[in-house]
Amino acid sequence: MAKRTIKLGLSLYGVGGPGQHGLWKDPRVPKNASIDIAWYIEQAKKAEAAKFDTLFIVDSLFINETYPSHYLNRLEPLTLLSAVAVHTQYLGLVGTLTTTYNSPFNLARRFASLDHISKGRAGWNVVTSFDVGASKNFGLDKHLDYATRYDRALEHVRVVQGLWDSYEDDAFPADVERGVFLDPSKLHALKHRGHHFSVEGPLNLSRSRQGQPVIFQSGQSEEGRNLAAHIAEGIYAAPGAFAERQAYYADVKQRAQRLGRNPDHVLIFLGASPVVANSDAAALQLARDVFESDNDFARKLGQFGRSFGAYDFSQHDLDAPFPDVGDLAERGGRTNAQKIIDQARAQHLTLRETVLQFTQFQPSPFTGSPETVAREIERWFEQRALDGLNLGFRTTQDLDQFTGEVLPILRAKGLVREDYTSETLRGHLGLPIPDNRYTAQTHSEVNSPTRHHTGAQHGIATSRR
């Protein structure tokens with residue numbers, strides 16, 4: 001088996017994402033970064049030069065004036081990544097698209113197109129959307145509840161995977177002498193009839209060099225963890241304390257194993273924003289200075305409502321007990337919302353106290369000198385709290401400092417690879433190429449005529465081991 005190494009992803013927030021509302025004021029940050037494709041291409045090239053595995057583009061479908069500056073004016077993920085694809089050669093390209101407000105056929109076609117444009121480097125971050133207001137942008141009166149969103153998500157992904165298998169890998173002989181472009185026996189209509197979707201197929205696009213785009217997912221709730229165990233090949237895990245993240249790592253891997261999956265093919269990418277300076281004290285002070293530069297209570301109060309479906313908390317008395325908003329959690333970001341509610345009730349906190357407690361200064365565990373940051377990353381990796389890092393940096397200079405000062409230490413320890421060994425995202429991540437389900441079914445029938453393969457019926461693809 002190949003030696004286990006730390007996977008690296010770069011997450012871009014342009015002029016400032018959550019907790020970075022004032023980043024656009026930094027003179028080092030172009031004011032149009034979030035909509036400037038040249039800026040994204042520059043960052044992608046830097047990530048590729050540092051041998052990163054992925055570039056990750058997050059997305060959402062609802063905003064109001066309280067949202068971070070990057071959210072207010074940004075490019076659509078697959079359009080952006082398609083442009084980046086033709087300026088890079090190795091970097092994996094992962095985009096966020098929701099199963100709640102996309103049809104499986106269109107989504108399957110768009111991601112398959114990115115996979116071909118990039119020659120096998122596409123990845124899909126599956127989300128169900130927790131911004132309640134998004135429903136009104138799609139003609140719906142209200143956002144779907146938690147259970148429905150996740151049930152729909154699992155069926156959606158299975159339908160998309162089925163569509164990606166519409167053509168077997170040798171479906172196009174393009175034999176001029178025989179006048180045969182397509183072998184019709186290698187083309188398959190999905191004919192899916194399910195609870196949420198009815199999709200006939202086939203998709204009008206063949207499989208790519210990596211078979212199918214890599215599936216990522218980022219749920220933290222019970223439903224999110226179960227969905228990840230079923231479908232995810234990469235998981236974007238939220239930041240948190242070491243013991244908490246270690247427990248999450250073990251839990252998701254065990255769930256996948258109970259479903260008959262190889263847990264080594266479910267990679268946990270921990271979200272992280274390292275702060276690096278010449279000394280540990282200088283890095284901690286820098287982290288504190290960055291926090292204080294954006295420590296605005298009115299802004300934090302507005303952002304606090306995101307977990308509750310962009311609820312406006314300013315309508316409440318700040319010094320009264322935390323309001324009863326439990327009903328909003330079911331259609332919003334339930335895991336975080338419920339954590340807030342439970343803590344506020346247990347400690348009898350006011351609304352003001354709750355906001356302050358959940359938005360207090362919390363430096364990244366990867367804060368310090370290059371040696372300290374590298375040592376802490378090594379500890380989290382070796383003790384199974386992460387398989388990789390999904391890294392966010394405030395500025396290009398911060399990215400350069402990490403790649404120039406921290407990565408060499410990790411490489412010297414053999415924890416990060418020296419160079420690319422593959423040209424596909426699956427190759428970078430050590431993931432198998434999924435067999436086309438129809439090819440696998442044919443082989444199964446030939447080898448065991450009395451055995452019935454059910455993968456095509458249920459959308460469960462087998463994989464090469």
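A cavity is a set of grid points where a 1.4 Å probe fits but cannot get out, and the views below, all drawn from a predicted model, begin with spaces of this kind.

**View 1. The largest cavity and its lining residues.** A search of the whole structure finds 2 cavities of 30 Å³ or more, and about 50 Å³ of space lies in the largest cavity. Its lining is made up of Ala112, Asp115, His116, Trp164, Ser206, Arg207, Ser208, Gly211, Gln212 and Pro213, which by class are 3 nonpolar, 5 polar and 2 charged residues. Helix H4, spanning residues 104–117, gives the most to this lining, with 3 residues.

**View 2. The second largest cavity and its lining residues.** About 30 Å³ of space lies in the second largest cavity, whose lining consists of Thr5, Ile6, Lys7, Leu8, Lys51, Asp53, Val416 and Arg417. When these lining residues are sorted by class, 3 are nonpolar, 1 is polar and 4 are charged.

**View 3. Phe52 within the largest nonpolar core.** The largest nonpolar core holds 82 residues, and the members that touch the most other members are Phe52, Leu55, Trp124, Trp164, Phe366 and Ile377. Helix H5, residues 146–164, gives the most to this core, with 8 residues. Leaving aside residues up to four places away in sequence, Phe52 is in contact with Leu8, Gly9, Leu10, Ala47, Leu91, Leu391, Leu399, Thr403, Leu407, Arg417 and Tyr420.

**View 4. A second, separate nonpolar core.** This core has 13 residues, among them Phe304, Phe313, Ile341 and Ala344. In soluble globular proteins, nonpolar side chains tend to be buried together.

View 5. A polar atom of the Ser34 side chain lies 3.1 Å from the backbone nitrogen of Val15. When residues up to four places away in sequence are not counted, Ser34 touches Tyr13, Gly14 and Val15, as well as Tyr40, His70, Asn73, Arg74 and Leu75.

Notes
Residues are numbered from 1 along each chain as its sequence is written. This is a predicted model: local features need pLDDT of at least 70, side-chain atom pairs count only at pLDDT 80 or more; totals for chains, interfaces and linings use all residues. Side-chain values use heavy atoms; hydrogens and water are left out. A polar contact is a pair of N or O atoms within 3.5 Å; within protein, one must be able to donate a hydrogen and the other to accept it, and residues adjacent in sequence count only if both atoms are side-chain atoms. Contact means heavy atoms within 4.5 Å. On a 1 Å grid over the protein atoms alone, a cavity is a set of points where a 1.4 Å probe fits but cannot get out, and a pocket is an open set with protein on both sides within 12 Å along at least five of seven lines; lining residues have an atom within 4 Å of a point. Grid points are joined across faces, edges and corners, and a volume is the space filled by probe spheres set on the points. Helices (H or I, at least four residues) and strands (E, at least two) are DSSP runs, numbered from the N terminus. Ala, Val, Leu, Ile, Met, Phe, Trp, Tyr, Cys and Pro count as nonpolar, Asp, Glu, Lys and Arg as charged, and the others, Gly among them, as polar. A nonpolar core is a set of buried Ala, Val, Leu, Ile, Met, Phe, Trp, Tyr and Cys residues joined through side-chain atoms within 4.5 Å. Buried means under 20% relative accessible area, exposed over 50%, partly exposed in between (1.4 Å probe, protein chains only).
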